[in-house]
Amino acid sequence: MSHAARILNLAAALVLTTLSTSAPAQATMTFKATCQNVGVAPQEPVGDREGHAISVTQYSCRNEGGMMDGAITTGMNIYEWDKGVGETLSANGVIRKPGAIAVYETSEQKTTLTMVDGKVTGFTGSSKGVYKLATGSLAPLSGKSYTFTYRSIPGGQFAVEIAIH
């Protein structure tokens, strides 16, 4: 698999991971996650024009901070790529912590590849969505919206910063 395809898949995973780190409060709460792709498929050309492709990515994240501290997120993204810019077609995931579960769905997400000398070197992006179900200590997340930003970091990982509204 090409380096560019792996980076694109990491970006997708990053977005989903971001969704999994949140907290239940009236004011905006922020959290962090460190993620990596666990299932990366190469981009598949759609066939209608140059640079138009889809990719499917599965990821896992370790969440840090507040009620999400120690929680693990698993998720999936389906991206549509057009010349280095990816938009999410479908994204969701599950956050697990002893005695608690939260399910999230991303409504908007955009990823941009970082290029140096014509080669993909990383990615950045942003996303927003909503927690569809939450139980146990994560129950206050149910129905809450979130936004997050993400970026690639060394070691094939990506860092996510999440805000719960």
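Predicted model: local features only at pLDDT ≥ 70, side-chain atom pairs only at ≥ 80, totals over all residues.

Trainee: How exposed is Arg49?

Mentor: Arg49 is partly exposed, with a relative accessible area of 41%. Asp48 is partly exposed too, with a relative accessible area of 49%.

Trainee: Which residues are linked in a network of salt bridges with them?

Mentor: The network links Asp48, Arg49 and Asp82. As background, side chains of opposite charge can pair when their charged atoms come close.

Trainee: How many salt bridges does the structure hold?

Mentor: It holds five salt bridges. Another one joins the side chains of Glu64 and Arg62, at 3.8 Å from N to O. Glu64 counts as partly exposed at 35% relative accessibility, and Arg62 counts as partly exposed at 44%.

Trainee: And which residue does Lys128 meet in a salt bridge?

Mentor: Lys128 meets Glu108, with an N to O distance of 3.4 Å. This pair links distant parts of the chain: Lys128 lies in strand E7 (residues 119–134) and Glu108 in strand E6 (residues 100–116), 20 residues apart. Lys128 counts as partly exposed at 36% relative accessibility, as does Glu108 at 46%.

Trainee: Let us return to Asp82. Which way does its side chain point in strand E4?

Mentor: Strand E4 covers residues 72–82, and its side chains alternate. Thr73, Gly75, Asn77, Tyr79 and Trp81 point to one face and are buried.

Trainee: Which strands are joined to E4?

Mentor: On one side of the question is strand E3 (residues 52–64), which is joined to E4 by 11 bridges and runs antiparallel to it. Gln58, for example, has Met76 in E4 as its bridge partner. Strand E5 (residues 85–97) is also joined to E4 by 11 bridges, and these two strands run antiparallel as well. There, the bridge partner of Ile72 is Arg96 in E5.

Trainee: What about the turn from E4 into E5? How many residues sit between the strands of that hairpin?

Mentor: Two residues lie between the strands, and Lys83 takes a positive phi near 50° in this hairpin. For context, most residues other than glycine have a negative phi.

Trainee: Is Asp117 buried or exposed?

Mentor: Asp117 is exposed, with a relative accessible area of 77%.

Trainee: One last topic: where is Pro154 placed?

Mentor: Pro154 is in the loop between strand E8 (145–153) and strand E9 (157–164). At 73% relative accessibility, Pro154 counts as exposed.

Trainee: How far apart are Pro154 and Gly122 in space?

Mentor: Their C-alpha atoms are 9.3 Å apart, while the two residues are 32 residues apart in sequence.

Methods
Residues numbered from 1 in each chain as written. Heavy atoms only, no water. Salt bridge = Lys/Arg side-chain N within 4 Å of Asp/Glu carboxyl O. Buried < 20%, exposed > 50% of the residue type's maximum accessible area, 1.4 Å probe, protein only. Helix = DSSP H or I, 4+ residues; strand = E, 2+ residues; numbered from the N terminus. Pairing = 2+ DSSP bridges.
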